[in-house]
Amino acid sequence: MRTAVTFLDAVDVSDTYTNGRTLPLRPRWEVFGRLAFSWGPLEIAYEVDVVTQNYLDAANHREVPSRVFHSAELSADLRRWRGPRITLLARNLTNRISQELPVQAEPEDIVIEQPVADVLGFPLPGLTVFLTVRWELPSIGLAPSLSDVP
């Protein structure tokens, strides 16, 4: 099991109109958790990433909402038998690519749909699957030794 928690209270303390506002691009909380189980050469893991909302500008007008992503990983380490390490990783298991945001407007509230974004405001992909094969070959001694150099 692995866990990482970051709390950041980044507030502007300048003598400008942004005094007291949250610094842009800095979420207050970031939480990561990984739970993995191994059985022989096999490993299965679940990960969760939580990032709270942050702002894109110093005036705190353009907000990137909080986001939660789930991932799963299955790997087989066959190096014991001179084989590869094979990993299948799926990120954003819920395929969450957009979210609804309430906007306060008179005379009634409006809900808009917005892409799920990273800390910089760029849209994040939906379900993404990676297959990795890592095979370490034994060295065959083709590099010259120092004694062979004139």
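These questions and answers concern salt bridges in a predicted model.

Reader: How many salt bridges does a search of the whole structure find?
Author: The search finds 8 salt bridges.

Reader: Why is the contact of Arg34 with Glu47 called a salt bridge?
Author: The cut-off is 4 Å between a side-chain nitrogen of Lys or Arg and a carboxyl oxygen of Asp or Glu. The closest N and O atoms of Arg34 and Glu47 are 2.5 Å apart. That is within 4 Å, so the pair counts as a salt bridge.

Reader: What parts does the pair of Arg34 and Glu47 tie together?
Author: Arg34 lies in strand 2 (residues 29-39), and Glu47 lies in strand 3 (residues 42-51). The pair therefore ties together parts that are 13 residues apart in sequence. Both Arg34 and Glu47 are buried.

Reader: What makes Arg34 and Glu73 a salt bridge?
Author: Their closest N and O atoms are 3.4 Å apart. The limit is 4 Å, so this pair qualifies. Glu73 lies in strand 6 (residues 67-77) and Arg34 in strand 2, so the pair ties together parts 39 residues apart in sequence. Arg34 and Glu73 are buried.

Reader: How do you know that Asp77 and Arg79 form a salt bridge?
Author: Their side chains meet at 2.7 Å, N to O. That value is within 4 Å, so the contact counts.

Reader: Why does Arg79 count as partly exposed?
Author: Its relative accessibility is 40%. Buried means under 20% and exposed means over 50%. Arg79 falls in between, so it is called partly exposed.

Reader: Which residues do salt bridges that share partners join into one network?
Author: The network joins Asp77, Arg79, Arg85, Arg134 and Glu136.

Technical notes: Residues are numbered from 1 along each chain as its sequence is written. This is a predicted model: local features need pLDDT of at least 70, side-chain atom pairs count only at pLDDT 80 or more; totals for chains, interfaces and linings use all residues. Side-chain values use heavy atoms; hydrogens and water are left out. Helices (H or I, at least four residues) and strands (E, at least two) are DSSP runs, numbered from the N terminus. Buried means under 20% relative accessible area, exposed over 50%, partly exposed in between (1.4 Å probe, protein chains only).
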